[in-house]
Structures are given as C-alpha cells and as structure tokens.
Amino acid sequence: MRPFDGRRVLLVVSGGIAAYKSAFLSRRLIQAGASVDVILTEAAQRFVGAETFEGITGRQVHTKLWQTAMAHLDLGKSADVIVVAPATADLISSMAVGGAKDLASATLLAAEAPVIVCPAMNTRMWKHPATQANICSLLKFGYDIVGPAEGPLAEGESGVGRLVEPEEIMASIGKALESHSRFEGLKVVVTAGPTRSSLDPVRFLSNRSSGRMGYSLARASWRRGGSVTLITGPAMPTSTFGLSVIEVETAQEMQEALKAELAEADVLIMTAAVADFEVVRMPDAKIKKEGSEGLTLSLHPGPDLLLETKSLREKNGIFTLGFALETEDAIENGRDKMERKGMQLVAVNVANEPGAGFEVETNRISLVHSSGKVEELPLATKEELADQLLDHIESAMDE
Ligand SMILES: Cc1cc2nc3c(=O)[nH]c(=O)nc-3n(C[C@H](O)[C@H](O)[C@H](O)COP(=O)(O)O)c2cc1C
C-alpha cells in the first residue's frame, strides 16, 4: 500500500517562478497514490502549462471560475487536503482578506479541508510588512505555512523566499492527512544510524546501519503529531523536515544526548546500532602501515545505552521500543533483552535474512510484546513498517 492511496489532494499553483517545481510535487503525489486535482491561476499558466499537469495527473486542470458552474465549491469539498504551492504574495493577500475573484481564491474561501500554504517570492516581497501581516492572518485562520526557505532566488539574488523542496511539502501533506493519533503532543525521542569508535585519529570501527528504519520512525511519529527529537549517528542523507535533529558520532555522545532528551520524553524508539566495542586506548597519531604486521587491537565493551537509561525510563514512565538485530536464537535473545533492559516492545530482525536488517529498503520484524506474545510483521518497506510499529506502540500504551 502506498502512503496516500485513496486520498484526494487539491494543488493550487499561483504565478511565481517556482511554479515548475509544483509539477515535480504533483508527480510525487501521484507516485504516493494520491489523486490530484490542479488549479492554475492565470499568472501560473504563464510559467507552466496546464498540459504538463494533465499529463502527470491524468485529470483535467482547472483554470477558470466560469468554466463549470460550482467548480469553486466542488473542488474544495472533495479534497482531503489543499496545497497552495507556490503561493504568491498576491494570492496570499487575497486569501488574507477573503478574496474570491478567481477560481483559486474562491475555492480556498469555500473549502473546509486543511490548507497548506507554501509561499515563494523575492525576499523584499516576503519581508514587506503587508505580506507578513497577511501571513499572520493565514496562521490565525489555521492554515499551515510551510517555508519559505532561504537560498538563491531568481535574478541572482539570495535570501528568504524560495519554495521549500517537494520532499518537505510531501511531509506536511502526510501530517495533514494523518487522522487523530495517540502521539499528538507527546515528546518522542528516536535514535538512529550507527555510531563510530575511533581506532586512531583517522580510522574508526562502525557497522552497516543506514539509519533508514530510525528516520522512517521519526518522520512517522512527527506526522502523527509528536514533537520528535532524532539523535542520529552518521547516516544516509534523507529528509528530516519537522524533526529536531541532534547529530552525534560516538556512543558516548549519543548517550549524553539521550540522557538529556529523556528528561522530558514520553516515548523512546531506540533503533541506533550503537557500536558494541571500543578501542581500549586510542593512539594520538595515525597507526602506520609499515610495521603493522601482526597488529592487534585491544577492545572493550562500549556503553549500553538501554541498560544505562533503564532506571530513568522506568522512573519517568517512558514507553520504550527497542530493536534487536540477531543472527541466531532471535526471539529468545529479543525477549531476554526486553527484560534485562526494561522495554515494552522489542522489534527483532534477523541480520542474515534477505531483504531484512542493515543497508536495505525493506525489513521483516518479529515484534515481541512484554506479555511474551510474538507477532510476525510481513516483509515491507521501512516506511510502511514504521507506521505499523507506531500502531502497535499506540495500542500497547492504551493497554
Ligand atoms: C517573471 C515573473 C516572476 C514572478 N515571480 C513571482 C514570485 O516568485 N512570487 C510572487 O509572489 N510573485 C511573482 N510574480 C508576480 C506575480 O506573477 C503577480 O503578482 C501575479 O499577479 C500573481 O497572480 P496569482 O497570484 O493570481 O497567481 C512574478 C512576476 C513575473 C513577471
């Protein structure tokens, strides 16, 4: 199942340079399973043609208030979410005063679905008190304002005013489409990725964790209304929109960040593959290749983050989902970890199974509950599994 299957998105494109980016956005929405209706303002059609959106969405594009009677009422009524991207200064001002002179503004005035507004304009237009006052009005109406971002703008200028990237708009749409959740208002801490332990000033010991599972869980927790802190080791670059991110490298750094964040947390999701071993004494200088024949490394165990935060988590009533990557006796080892380290759920995956574990897009999880019950979650993408795991956390929290 794709994340937006069966959902209807109304995309309103107004007349700014960034209108072309909305074609990419409509494509992403279609790929995610949404059905997409597009309204183009008159000015938008000077930047990008209706045919582009019709080709991508497979649906007729709407441009005129007088084209079909009641289109301005019907389009908004059937949408689950409305996205205005790019939102020009002109359309924003019209929305702020309840204008209805064209199809875009009339539809927005009549709509009851959640509205996401993604402004894009020259910095001076954005900073003008009139635009700022209009944005304040939109916020008061309950619209979600996403962006603008800072960076290079048209005509060689730079500053605040860029349309945010389609990835960030997709994340906000996902959040708007999420129904009411147990995560609303909770503080969620997610650890992700590997940690490194230095062998010498230029080399390190680490593991194959990509961070995908943890990042997916962090994004899904945010979509459900959680306030999410992601503590991440060096992982693949991927979207962290909406998350508060703490980047760390070593197990000690992750441990310190974790202890500080747990003071206020309600839920901990521990997916990080924290390095188990550390070099006993790190040399000050790079180990030379010459003369390294027979070189041995003396290792000792690194910190056990779950064990060391057990009493704090128990004292503060923090619901904990841990991950266990095993190569043998997976379920038994998972159960044992759950008891020793004080967790409520353990997601066990087997490292040597195809399509599961590190460095792959998919995973297969056996979910061990504190009651001893084991549920097999079928092979799925890490994004899909993240949502399933959060469903399990929600029901376990209610038990
Ligand atoms: C080349 C060009 C680029 C423009 N880019 C923007 C822009 O990025 N953001 C903006 O708010 N207005 C921009 N404008 C001004 C709008 O196109 C103009 O205000 C128009 O009336 C907006 O109409 P609409 O809001 O109905 O789409 C641009 C105008 C031109 C001629």
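Helices (H or I, at least four residues) and strands (E, at least two) are DSSP runs, numbered from the N terminus. The exercises below use these elements. The model is predicted: local features need pLDDT of at least 70, side-chain atom pairs count only at pLDDT 80 or more, and totals for chains, interfaces and linings use all residues. Residues are numbered from 1 along each chain as its sequence is written.

**Exercise 1. Work out the strand order of the open sheet and name its edge strands.**

Step 1. Start with β1 and its partners, given that two strands pair if DSSP finds at least two bridges between them. β1 and β2 (residues 35–40) pair in the parallel sense over six bridges, and R8 has S35 of β2 as its bridge partner.

Step 2. β1 also pairs in the parallel sense with β3 (residues 81–87), over four bridges. Here L10 stands opposite I82.

Step 3. Continue from β3. Four bridges join β3 to β4, and the two run parallel; A87 stands opposite P119 in β4.

Step 4. β4 (residues 115–119) is joined to β5 by two bridges, again parallel. In this pair I116 stands opposite D144, and V117 stands opposite I145.

Step 5. The edge strands are β2 and β5 (144–145), each pairing on one side only.

Step 6. With helix α1 (residues 19–31), they make a right-handed β-α-β unit; right-handed means that, with the strands pointing away from the viewer, the path from the first strand over the helix to the second runs clockwise.

**Exercise 2. Which residues of β4 are buried on each face?**

Step 1. In a regular strand the side chains alternate between the two faces of the sheet.

Step 2. On one side of β4 are V115, V117 and P119, on the other I116 and C118, and all are buried.

Step 3. Five of the five residues of β4 are buried, so β4 is largely enclosed by the rest of the structure.

**Exercise 3. Find the largest nonpolar core and the residues with the most contacts inside it.**

Step 1. A nonpolar core is a set of buried Ala, Val, Leu, Ile, Met, Phe, Trp, Tyr and Cys residues joined through C-beta atoms within 7 Å.

Step 2. The largest such core has 52 residues, and V83 and C118 have the most contacts inside it. β3 gives the most to this core, with six residues.

Step 3. A second, separate core of 49 residues includes V188, V190, Y215 and A272.

Step 4. Of the 399 residues of the protein, 42% count as buried.

**Exercise 4. Describe the surroundings of A176.**

Step 1. A176 is in helix α9 (residues 166–177).

Step 2. With 19 other C-beta atoms within 10 Å, A176 is partly exposed.

Step 3. Leaving aside neighbours within four places in sequence, A176 is in contact with V81, P114, I116 and D144.

Step 4. G225 is 49 residues from A176 along the chain, and their C-alpha atoms are separated by 9.5 Å.

Conventions
Buried ≥ 20, exposed ≤ 12 C-beta atoms within 10 Å, placed from the backbone. Contact = placed C-beta atoms within 7 Å.
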